[in-house]
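Q: Hi, I'd like to go through this ligand-bound structure with you. Could you start with the terms and then take my questions?

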Amino acid sequence: MGYVKYEQKDLVGVVTIDREKALNALNTEVLADLEAVVDAIDLGKTRCVIITGAGQKAFVAGADIGAMSTMTKEQGRAFSKRGNDVFRKIESLPVPVIAAVNGFALGGGCELSLSCDIRIASENALFGQPEAGLGITPGFGGTQRLARTIGVGKAKELIYTCGKVKAEEALKIGLVNAVYPADQLMEECIKLAGKIARNAPIAVRQCKKAINLGLQMDIDSAVSLEAELFSFCLDTKDQKNAMTAFCEKRKPDPFIN
Ligand code: CAA
């Protein structure tokens with residue numbers, strides 16, 4: 001797992017993509033390391049995950065252009081599938097994932113951030129899908145998740161023009177939830193992760209499931225899924241703990257995984 005580091009900070013797992021000399025660009029080795037680290041997360045003691053890039057300059061500057069430059073059609077299909085499989089795994093993690101975007105988030109880097117539940121950016125973050133200028137389409141889900149996140153019209157504009165989005169504009173268009181000075185980014189992400197981790201872990205997981213699966217359904221199926229997950233929660237130790245405490249006008253006991 002040489003290209004990806006993992007640190008457990010209480011209930012929060014911090015994943016760092018560490019290929020700094022290539023601005024954390026994603027090649028097959030980095031993707032394999034990322035997948036191995038994600039697979040190894042102990043969900044029994046992790047309530048939120050943060051993904052970031054090593055160094056001051058880049059979150060991830062994209063898929064590895066050198067590697068792609070000589071790929072055949074078949075290799076390209078396999079590379080795209082590899083990235084998509086890993087990103088789907090991140091998107092489908094039962095616990096929320098925050099992208100701490102600490103610099104360039106271009107191409108595959110923007111796409112990686114989009115597979116996270118929440119994006120928080122440093123002031124020097126720069127987002128974009130430069131693929132059309134490189135003679136390709138986005139290959140790790142950008143055409144789909146960017147459109148679903150910021151709306152079809154803006155996503156089409158950015159993808160067709162290869163436009164770059166600075167942190168402040170990213171905030172305006174709903175691509176990120178907040179922007180902080182670079183030296184405060186991690187601290188703020190840990191704070192946010194801590195707020196998530198303080199809530200009932202079973203409920204938080206069901207909320208993520210309801211939102212992610214529900215958005216792919218028609219509204220009737222989606223609200224019926226929500227009803228299922230809501231009723232599932234009513235029979236959990238977390239719910240008993242929290243609601244009994246409310247009724248007894250006291251704070252709940254800390255939630256136990
Ligand atoms: N792939 C491979 N290597 C990359 C890379 C990438 N995506 N991005 C940066 N690097 C490497 C550079 O080649 C350079 O390596 P060397 O020192 O060995 O020359 C090193 O990282 C530092 O980069 P720069 O010297 O270019 O740094 P800079 O500050 O001048 O520029 C940058 C930074 C604007 C991000 C520039 O590196 C750049 O434009 N990178 C490419 C960004 C990009 O187009 N990303 C999309 C890739 S396509 C994709 O991701 C497809 C997909 O969806 C699957």
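A: Happy to. A polar contact is a pair of N or O atoms within 3.5 Å; within protein, one must be able to donate a hydrogen and the other to accept it, and residues adjacent in sequence count only if both atoms are side-chain atoms. This is a predicted model, where local features need pLDDT of at least 70, side-chain atom pairs count only at pLDDT 80 or more, and totals for chains, interfaces and linings use all residues. Residues are numbered from 1 along each chain as its sequence is written, and side-chain values use heavy atoms, leaving out hydrogens and water.

Q: Great, how far is the polar side-chain atom of Glu111 from an oxygen atom of the ligand?

A: That distance is 2.6 Å. Backbone N or O atoms come in too: one of Ala61 lies 2.9 Å from a ligand nitrogen, and one of Gly139 is 3.0 Å from a ligand oxygen.

Q: And how many residues surround the ligand?

A: There are 23 (each with a heavy atom within 4 Å). The closest are Lys57, Ala63, Gly108, Glu111 and Glu131.

Q: Switching topic, how is the chain divided?

A: Into domain 1 (4–197) and domain 2 (199–247), with bounds from an automatic or database domain assignment.

Q: How far apart are their C-alpha centres?

A: The centres of domain 1 and domain 2 lie 27 Å apart.

Q: Which residues of domain 1 lose the most area to domain 2?

A: Arg47, Pro94 and Ile196, together 42% of what that side buries.

Definitions and conventions
Buried area is the accessible area (1.4 Å probe) that two parts lose on being put together, summed over both.
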